[in-house]
Amino acid sequence: MGKVFVGLVWAILAAGTIFIVSLPINLQTHLVLGGIVLAIMITMKLLRLGGTWRLIALALGTALVMRYVYWRTTSTIPPVSQLENFIPGLLLYLAEMYSVFMLFLSLFIVAKPLPSREARPVAQEDLPRVDVFIPSYDENSSLLADTMAAAKAMDYPADLVTVWLLDDGGTVQKRNSDDIPTAQAAQKRHVELQQLCADLGVNYLTRERNEHAKAGNLNNGLAHSDGDLIAVFDADHAPTRSFLQETVGYFKEDPKLFLVQTPHFFLNPDPVERNLRTFEKMPSENEMFYGVIQRGLDKWNASFFCGSAAVLSRAALTESNGFSGVSITEDCETAVELHSRGWNSVYVDKPLIAGLQPASFASFIGQRSRWAQGMMQILRFRFPLLKRGLTIPQRVCYMSSTLFWLFPFPRIIFLFAPLFYIFLDLQIFTASGGEFFAYTLSYMTVNLMMQNYLYGRFRWPWISELYEYIQSVHLLPAVISVMINPRKPTFKVTAKDESISTSRLSELSRPFFLIFAVLLVAAGVSIWRIYSEPWKADVTLVVGTWNLLNLILAGCALGVVSERREWTSTRRIKVNRRCEFGHGDSWLPATIEDVSVNGARVRVYAADTEKFVAQGESAIRFQLLSGDASGMLPIVVRNQIKEGDTFVLGCQYMRTAADHHRYVADLVFANPEQWSQFQAARRRNPGVVGGTIWFLQLAFYQTSRGITYLIRYLRGNDRQAAPQQNGAKS
Amino acid sequence: MLRGETASKGWALNLTKAQAEAPMRLQLAYSNAIVVAPEASRLQLLINDSAVIDTPVRSADGVANIQVDIPAGLLRAGRNDISLRARQRHRTDCTIESTYELWSAINAAQTFISSSDPSAAKLTTVEDLRTISADGTGRATIAIVAPGMSQSDISADVLRLAQAIALHLPLPDLDFVIDSAPSPEQEDASLRVFFGTHDEIEALGVRLPSSSTGPVAAFAEGQSSVPTFVVSGRNRSEWLSALDEVLAPIDRAAGTRRDTVITEAWHLPNAPMVLGGRELTFRELGIRSESFSGRSFSTSFQFAVPSDFYADSYGEAQILLDAGYAANVLPGSLINVYVNGSIAVSMPLNDQRGAILEQLPLRMTMRHFKPGLNEVTIVANLQTAEDEACTAVGLSDETPRLAIFNSSRFVIPDFARIGQHPNLAALGGTGFPYTRLTEPLPIYLERNDAATLSVAADLMARVALSAGRSVPVTLTNSPDALRDQDAIFISSVNAIPAPVFSQVKLSEEARTFWVASHGGVPVEGDATQADAELWRQRIGQGAWLDNIGQWFERKFELSLSQLRFAPGSEKPFVPSQPAQLLVAQGVNPAGNGVWTLFTAPDAMMLTDGVSAITNLPNWSRLSGRLATLDSDEQTINALPAKEQSLVLTRPLTLNNFRLIIANWLSTNILSYSVLLIFACILLGIATSSLLSRIGRRR
């Protein structure tokens, strides 16, 4: 009753606000409004007002955006009689309206994201039986061993949890391949992994044929297991000890629950973070999704399955005949299906796994192409807006998640729109310099402010634009092709474990240099036109500024496609853990200062450390988190620094036995707090102004770096090297 | 006066059947600026679209007279369209500025059509009133002789008669002289009207038309050269019905729609009345398709908007222009559109290859629109490289630079309509609010004598012309009875009833101060304050904050003074020299009607002032809540109305309501921000409350 009443009041107020917004007031009144609204929003932001204040600020911003839409719609579209202006003008208009529409959808979703959930403890006797699925295609055994060891080490009664390696790289089909080397490799892998699984206490499972890719593999796992719940981890996604404790409790609470999803946390930088060197200081790209959007979706019971780091209910999966495989994003598709059947989902906002993401720009684009094409397929085959059984908010949420991937269209249009004026002298946006100032500038500013309001700590200004731009160039053809031929795309496994051994240009870099060159010429032409055609200098100035923004973005992208050399594929995580360094019976007191999946830095508190190092073989001994036992991990010292009485040693693990993988997993993956702390350290809101200045500096530097790489490449000094594969895929 | 490189004027001339059939001779007298190059300049006079005169412009050293016989059959009974077109080129200069020096002036006193046939001059029926024209100075004096005035109070009827005559003679400058007996001055009038019973009129020596048994409304055989018109009957009721007869063909019932505003006596075509969203082609507005080869092209049209027009702050009209310009037109050339003399939009012609413009929208603010007649002028300034070189001065280069087509359209969107009190522009435009009355309008006169009545007649004739209908009046001398009525007060400042001062926000100091200022006594003014303001402006230009303010003002026409929540309050006004006449409007004490005051320091100035203000060019410039006319009889200073009450003039529709609000908020800029912010705060709270009720909460 109260709900209906408040809804009615809300609807009346919304209608009233729209009425006020759509009054045809004059330019001066809008200008004053824009100034006042921005001033209020800035003040509210500076005062860090939250709660209802946040919604008021968003309402103000929305009102200004709607005023822009009203003006843009009623006053700026070129007349139909001038087709050469009208057609590109309409395209630009549609692109802008798409952006505004997506803004409104995200406002709905993240209007009030759910706060982080408290864990739901479950009594020991009520714990359900869990099957852990680790699907693999061609990842190497060492990586799989770490993941399996971490899975086995999860804090859960051993008799209630079964870990399954679902190996699609060793299927009968592959082992009998007509290609002899392939067949031999598959056979070798089959044998090796079976042994590894046996050592770690993991069930090895493979199947006849590689049908339906990952969905088929998981369904094969379902058919061979019978636990109440299914936890899914990608081959490189190693869970923390508390993963199951944090997640299974929700299933007890809600029998209609089909999914508990947790965030994906990455140990290595994506190509943007690596090439721009932002991994340590700026939140990762996916933190906006896992930090805000999933929580927002969760409010509307629309948080969806992301392929890994999640627990699903067997009862639900049985009802839907397992994982759906029509699209190449089986995860989201399965979630749509189960939501529409009345099942619920829950999102736990706490990183409980750590994994890898694509390192090279090419693999990154490959992964995004899959997501984009898969979401387009869902849009095409499961059209969420009209899908029976979904609630209205769920429909809105899924529409937002799928339509998001149309961004290459507007992004490319925004990129090329100024060129119509600069090169062809077409006027595709009819407004005077003053109107541009009053409407467009206030719109753009309020848009930036709202982004900052919504995602401030998780996404810095201009970074969304950069990511959209670098993806758009190659995603646009991918999205168009899936629109024309929706059944064509097939599941391609993303390589995530390359390391870039030489600084080089990405193989996909050519279009970016081309676009940059075109925009640079356009910038030159616009400056020339300001002086040669002073009578339209004001319009040229506005369009030239717009082009300049594109040029800055395109320049920054040059840095993204100029791959930096980097040996280690994963980053070191700061820890502070007691251990002992030594061998045999001689042990020295030490602390582990940081760890990665390949090695650790150890500080040894003894003057005669050098003697131990010289002997060549040594080990570290430490107390395991998963019990009272201690583990001894063989290492090789790669470097040493003497600091006073202590020695700092760079060590590389020498994993020879299955137990060694358990120790590494314990060192690196067991503790969930360290992932949260690592993320928290990056989650800082630089503000619109600070962020913009920082981005400008970054873009300037990256442009010069990109051009330097290009010159080196043209001189032929560049030794093109293919990315080296270490072996993880998802 | 025809100015610039291209100019035209059109008007209607009404002729009786006899006049149309008689052989007519046309005389045109003109002179022109010395810089007009005769070999490249032509003056044409057209009657009903046939050129009667087509001559080079070559009368720089005096007035040239051209006489021609009008071809038989060209003139017709009733309306004839006359137009004058001039094409003028400069002798020595090719700049746009030089085109401002070009003019040809028609000498009105020596320009006329005449007939040797005396029967052609004979006027008979009411219809023939239309053929009366103004004298050489452009003014038409109409003498009304009402012998009955001295015995009984027929002033209201006389005023009604004046309005009726005016509606037959819609001339820009009408002057009424009312008397109870003929006088020698009346011999100079354009028309003399006798009004009374048969006996009274015959007693003055006027021969009534043949059968004078019933009501008479017809021309009498004149003893003098002045056409004499008689409105009479055997008794009062008969001459009143004769008056009705005069009114019948031209009056309009209150509340009926008006499709055009009659301007044909000085401008063709008549101005269409635009009551809401409407598109008018240039063809309908009387603009011809035209190619132009000179530097500065100009053309204009008229239209009218109703008295309750309320879109001056927010509205935008459009011209969808069909035009073309040649490749030799240099960038920097402009097409400017002026509304009532103020620039509304400026479109650069920037394409260096020339261009064909098809229905190109020129968006223009409606800020300068006003109730009643409006004039839109389109001016194209065309620069070419040839002009910069200026080699072929004075030679006629016929290569067109610009063409404007009559398929262009003038588009007015639906606009807000609500009456505003006070608003002198509405009075000047359409006689609002007095035109809507069904009851007679009370008029307060200082004295009830012939001279004062003449002033009232001037005024009411002009009101009737603005309104397009006659307004019934009643005379009163008791302001107390007018508390809850509309009223007009005509009085010298000393005789104004006290309540009027406060209603029209005129300071009572005016009684002493204004009169004294005209008496030549030096008065203390705000000279020092004005000086200080001037100095502050001159010195303050360098200040940083001022620069920003000025930039905003230039770019957005937005100044600090516009930042307001609601209209301010009015301060009582003190007129001073050189204001000769003051017109002020305010709501009546009951708040349900409008009082308008016409006042001057003394009766003489009041007579002259009203006569001057009712001159059309002055009358249509009335605006605001208060306006003064200086003693030069052409400078008008208006005080914009701050406190206006809005009065419904038609049933409120949602759309009209929306547009009215838009205009009010566009005037009171800060209120819009406050309103929207308030709405957003409520919406934010409601959203918050709704979000804590729907969806998951934890």
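In chain B of this predicted model, strand S30 (residues 487-492) and strand S32 (residues 594-600) run in the parallel sense and are joined over six bridges. Within this pairing, B:Ile490 stands opposite B:Phe598 of S32(B). Both strands belong to an open sheet of seven strands in chain B, ordered S29-S28-S30-S32-S31-S33-S34, in which the pairing is mixed. The edges of the sheet are formed by strand S29 (473-476) and strand S34 (636-639) of chain B, each of which pairs on one side only. On average, and with direction ignored, neighbouring strands of the sheet are turned by 15° against each other. Helix H9 (residues 510-518) of chain B packs on this sheet, where the helix touches strand S31 (579-587) and S32 of chain B. The direction of H9 makes about 160° with that of S31(B).

The discussion now turns to the interface between the two chains. The size of an interface is often given as the accessible area lost when the parts come together. Between chain A and chain B the buried area is about 4,800 Å², and carbon and sulfur atoms give 69% of it. On the side of chain A, the residues that lose the most area to chain B are A:Ile20, A:Gln28 and A:Trp535, which together account for 13% of what that side buries. In terms of contacts, 57 residues of chain A meet 53 residues of chain B.

Polar interactions also cross this interface. There are 16 residue pairs in polar contact between chain A and chain B, counting pairs with both residues at pLDDT 80 or more. Several elements of chain A each supply at least two residues to the side that touches chain B, among them helix H2 (27-46), helix H12 (286-299) and strand S8 (344-347). Helix H1 of chain A gives the most, with 11 residues. By residue class, this side of chain A divides into 31 nonpolar, 16 polar and 10 charged residues.

Side chains of opposite charge can pair when their charged atoms come close. Two salt bridges are counted between chain A and chain B. B:Arg696 forms a salt bridge with A:Asp298, with the closest N and O atoms 2.5 Å apart. Over all chains, the count comes to 62 salt bridges. Within chain A, A:Asp594 forms a salt bridge with A:Arg572, their closest N and O atoms being 3.0 Å apart. Because A:Asp594 lies in strand S14 (residues 586-595) of chain A and A:Arg572 in the loop between strand S12 (562-563) and strand S13 (573-583) of chain A, this pair ties together parts that are 22 residues apart in sequence.

Terms used
Residues numbered from 1 in each chain as written. Chains lettered and ligands numbered in written order. Predicted model: local features only at pLDDT ≥ 70, side-chain atom pairs only at ≥ 80, totals over all residues. Heavy atoms only, no water. Contact = heavy atoms within 4.5 Å. Buried area = accessible area lost by both parts, 1.4 Å probe. Salt bridge = Lys/Arg side-chain N within 4 Å of Asp/Glu carboxyl O. Polar contact = N/O pair within 3.5 Å; in protein donor to acceptor, adjacent residues only side chain to side chain. Helix = DSSP H or I, 4+ residues; strand = E, 2+ residues; numbered from the N terminus. Nonpolar A, V, L, I, M, F, W, Y, C, P; charged D, E, K, R; others polar. Pairing = 2+ DSSP bridges. Axes fitted to C-alpha atoms, helices over the stretch in contact; angles between N-to-C directions.
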